[in-house]
Amino acid sequence: MIARRLLLALSVPVLLSTTLNVARAFQRPPQEPRPAAAPAKAGTEAALLPDDPVVTQHTVKIGDQPVAYTAEAGWLPIRDDGKIVARMFYVWYSRNGVQDLSSRPIVFSFNGGPGTASIWMHLGYTGPRRVMYDDNGFALRPPSGLEDNPNSILDVADIVYLDPIGVGFSRMMEGEELHKFHGKLADIGSVGEFIRPFLVRKDRWMSP
């Protein structure tokens, strides 16, 4: 028994020394920190949007009543410290013949940006026109089409569908950081920067 204890006592320092030597052999030399990658820059896609909005006139049947409305597709500049850094695309539907705009609500609708455009809010949910489906709710095989949306909210409210920066037709200006607005607070800020000048330009501050 004494011999075994003596052998164990002599073996432990040898094992510890061997383990430390092996650990040192596999220890990696300190590495220089890698330089941060330069942020990706936007190309010229924003310049493809036309300078002036496109405006058309339509009528849709919602419920049992015809609703005449104006459709406008365009973009507004998004500024950072006074500099235009992006263009945000929108489609605006406004009912014709409304006399008291202070009682006419305006709805800003968008779908989970950055990452998703507003197209399914627009053409699948509340807009005056919608994608055609079969009786089971599935999209038809191409070529499909559009039909009046009897469940649109345009009879009671004007609607602005906007695409957050980076989806749909909304883009950063050339040379700007591509992912500048790809974050929660930045995304909120860009949408707020759109809503404020839109209400100013359309003289709709009084609208609910």
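**Entry 1: Arg104**

I started at Arg104, which is buried, with a relative accessible area of 6%. My cut-offs: buried means under 20% relative accessible area, exposed over 50%, and partly exposed in between, with a 1.4 Å probe and protein chains only. This is a predicted model, so I note that local features need pLDDT of at least 70 and side-chain atom pairs pLDDT 80 or more, while totals for chains, interfaces and linings use all residues. Residues are numbered from 1 along each chain as its sequence is written, and side-chain values use heavy atoms, with hydrogens and water left out.

Where does Arg104 sit? I found Arg104 in the loop between S3 and strand S4 (106–109). For the element names I used DSSP runs numbered from the N terminus: helices are H or I with at least four residues, strands are E with at least two.

Next I listed what Arg104 touches, counting a contact when heavy atoms are within 4.5 Å. Leaving out residues up to four places away in sequence, the list includes Arg95, Val98, Leu154, Asp155, Asp158, Arg204 and Pro208. Ser207 is also on that list, and the C-alpha atoms of Arg104 and Ser207 are separated by 5.7 Å although the two are 103 residues apart along the chain.

I then checked the polar side of Arg104. A polar atom of the Arg104 side chain lies 3.4 Å from the backbone oxygen of Ala157. Arg104 is also linked with Asp158 and Arg204 in a network of salt bridges. I call it a salt bridge when a side-chain nitrogen of Lys or Arg is within 4 Å of a carboxyl oxygen of Asp or Glu.

**Entry 2: the other salt bridges**

How many salt bridges does the structure hold? I get eight. I looked up three more pairs.

Lys180 and Asp80 meet through their side chains at 2.9 Å, N to O. Lys180 is in the loop between strand S8 (171–172) and helix H3 (184–201), and Asp80 is in strand S2 (residues 65–80), so this pair ties together parts that are 100 residues apart in sequence. Lys180 counts as partly exposed at 30% relative accessibility, and Asp80 counts as partly exposed at 31%.

Glu176 pairs with Lys83, with the closest N and O atoms 2.8 Å apart. Glu176 is in the loop between S8 and H3 while Lys83 belongs to strand S3 (residues 83–95), so here the parts tied together are 93 residues apart in sequence. Is Glu176 buried or exposed? Glu176 is buried at 14% relative accessible area, whereas Lys83 is partly exposed at 49%.

Glu193 and Arg196 form a salt bridge with their closest N and O atoms 3.0 Å apart. Both are in helix H3, three residues apart, which puts about one helical turn between them. Glu193 is buried at 17%; Arg196 is partly exposed at 41%.

**Entry 3: helix H2**

Which residues of H2 (residues 119–126) are buried? I have His122, Leu123 and Thr126. Looking down the axis of H2, these buried residues fall within an arc of 140°, so they line one face of the helix. The arc is taken from the directions from the helix axis to the C-beta atoms. The buried residues of H2 pack against S3, strand S5 (129–131), strand S6 (146–148) and strand S7 (158–162).

**Entry 4: nonpolar cores**

I count a nonpolar core as a set of buried Ala, Val, Leu, Ile, Met, Phe, Trp, Tyr and Cys residues joined through side-chain atoms within 4.5 Å. The largest one has 19 residues, and Tyr90, Phe108, Val160, Phe194 and Phe198 touch the most other members. S2, S3, S4, S7 and H3 each supply at least two residues of this core, with the largest share, five residues, coming from S3.

Leaving out residues up to four places away in sequence, Phe194 touches Leu76, Ile78, Met88, Tyr90, Phe108, Val160 and Leu162. There is also a second, separate core of 13 residues, including Leu49, Val67, Ala71 and Tyr93.

**Entry 5: whole chain**

I finished with the overall layout. The protein has three helices and eight strands, running α-β-β-β-β-α-β-β-β-β-α from the N terminus. Buried residues make up 31% of its 208 residues. Of the contacts with a separation of 6 or more, 64% are between residues 24 or more positions apart.

How values were computed
A polar contact is a pair of N or O atoms within 3.5 Å; within protein, one must be able to donate a hydrogen and the other to accept it, and residues adjacent in sequence count only if both atoms are side-chain atoms.
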